[in-house]
Each structure stands twice: as C-alpha cells, then as structure tokens.
Amino acid sequence: INSRRHHRHRHHHPCHPTNYAEPKQQQAMAAGPFARVVAQVIVPIVAVMARALPAAYAQALQNARKSGVHAAETAAKQHTPFGKRISKSEALQVLNLTELEATPEAIEKQFERYFAANDVSKGGSFYLQSKIYRAKEMLLEFQEEKRREDKEGAASKEAEEELAGSSSSTNKKDDTKS
C-alpha cells in the first residue's frame with residue numbers, strides 16, 4: 001500500500017516535473033507546418049497582387065489620358081444605376097421611328113403600342129418591355145434637351161437682336177444731333 005501512495009504522491013509532488021507541457025509543444029509543432037504552408041500560399045499571391053495593381057492603375061491612367069476628360073464625362077452620363085444607357089439610334093430602332101418622326105406624341109404612341117404588345121401576362125418579354133421603356137425614356141429626354149436648346153437659342157437670338165436694334169437706334173439718334 002505504501003508503494004501506491006508513494007507513487008501517487010510522487011506524481012503530483014512539486015519536486016518531480018510533470019509531462020503536461022508535451023501536448024502543448026506537440027500542438028505548437030503541428031501549427032508550425034500549417035502556418036508555413038499558409039505563408040507559402042499567401043506570400044506569392046500578395047507578391048503578384050503587389051505587381052499587378054500598380055500596373056493596372058498605370059494602364060487606367062494611360063487610358064484616361066488617351067480618351068481625355070470629355071470621354072469620362074460621357075461615360076458617366078451613359079450609365080444608369082442598372083447599367084449602360086440605350087443610345088439614341090438604338091432607341092429609334094426599338095420604337096421603329098426615324099429622327100424626323102420622333103415627336104413626343106409619336107414616341108408615346110409607339111411606346112404604348114409596343115409595351116402592350118410585349119405584356120408579360122400575355123406571354124410577352126419583360127426584357128423587351130424594359131428596352132421599350134428605356135427607348136421612350138431616352139428619346140423623351142433627347143426631345144426635352146432639344147426643346148431647351150431651341151428655347152435658349154431663340155432667347156439669345158432675341159437678346160442679340162435687341163442689342164443690335166438698340167445700338168443702331170442710338171447711332172441714329174447720334175446722327176440726328178449732328
């Protein structure tokens with residue numbers, strides 16, 4: 001019995017070191033190769049990205065210089081929240097109109113006709129309906145811009161005529177005094 005007690009005592013006695021550290025060392029050793037493998041995979045990826053990102057940025061700057069600021073502004077206008085805007089020529093094709101026929105009334109008439117013909121509940125296409133809607137939207141926007149420009153052009157022309165008329169009448173008054 002004494003030998004058992006002595007064995008138990010010896011196992012927990014502070015003078016005798018225990019083997020509790022061995023499993024932690026084994027865990028650390030197992031984590032070492034794993035960390036090495038992860039590092040071997042990540043380091044080349046980071047190196048490639050470090051080379052590729054500046055090259056891509058330089059290419060983007062070069063493209064921007066070639067195309068200029070105007071192209072960037074045009075591209076910004078061409079994008080809607082859901083993607084690229086439809087072009088004027090494509091919008092005219094979608095609504096089957098020529099540029100001369102494209103009055104606001106004609107645009108609305110063609111829109112209603114084609115939009116109803118492509119009604120999803122009647123077996124139509126949502127994609128075509130959205131194209132038709134975007135075509136109408138683009139052409140009406142174009143018509144509005146054109147009307148605004150015509151109005152501004154007419155107003156500036158009237159102002160020029162007024163200035164020309166007032167300066168010629170002033171000249172006539174000056175001529176009568178002499």
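**Figure 1. A salt bridge joins K88 and E99.** In this predicted model, the side chains of K88 and E99 form a salt bridge, with 2.8 Å from N to O. The two partners come from distant parts of the chain. K88 belongs to helix α3, which covers residues 88-94. E99 sits in the loop between α3 and α4, and α4 covers residues 104-117. Eleven residues separate the pair. K88 is partly exposed, at 23% relative accessibility. E99 is also partly exposed, at 46%. Side chains of opposite charge can pair when their charged atoms come close.

Figure 2. Is K136 buried or exposed? K136 counts as buried, because its relative accessibility is 16% and the cut-off for buried is under 20%. E108 has 27% relative accessibility and counts as partly exposed.

**Figure 3. E144 and R147 pair within helix α5.** Their side chains form a salt bridge of 2.6 Å, N to O. The two residues are three apart in helix α5, so about one helical turn separates them. E144 is partly exposed, with a relative accessible area of 31%. R147 is partly exposed as well, at 46% relative accessibility. A further residue takes part: salt bridges with shared partners join E144, R147 and R148 into one network.

**Figure 4. Four acidic residues form a negative surface patch.** The patch consists of E145, E149, D150 and E152. E145 lies in helix α5, which runs over residues 126-177.

**Figure 5. Q129 is a buried residue of helix α5.** Q129 is found in helix α5. Its relative accessibility is 8%, so Q129 counts as buried. Which residues does Q129 touch, leaving aside its neighbours within four places in sequence? Q129 is in contact with F115, N118, D119 and V120.

**Figure 6. The whole chain gives the setting for the close-ups.** The chain has five helices and two strands. From the N terminus, the order of elements is α-α-β-β-α-α-α. The chain holds 178 residues, and 11% of them are buried. Q129 and K136 are among the buried residues. Contacts can also be sorted by separation in sequence. Taking contacts with a separation of 6 or more, 49% are between residues 24 or more positions apart. The chain exposes about 14,900 Å². Carbon and sulfur atoms supply 59% of that area.

Note on methods
Residues numbered from 1 in each chain as written. Predicted model: local features only at pLDDT ≥ 70, side-chain atom pairs only at ≥ 80, totals over all residues. Heavy atoms only, no water. Patch = residues over 30% accessible without salt bridge, like charges linked within 9 Å, V, L, I, M, F, W, Y side chains within 5 Å. Areas by Shrake-Rupley, 256 points an atom, 1.4 Å probe, with all protein chains shown as cover. Charge placed at Lys NZ, Arg CZ, Asp CG, Glu CD. Helix = DSSP H or I, 4+ residues; strand = E, 2+ residues; numbered from the N terminus. Buried < 20%, exposed > 50% of the residue type's maximum accessible area, 1.4 Å probe, protein only. Contact = heavy atoms within 4.5 Å.
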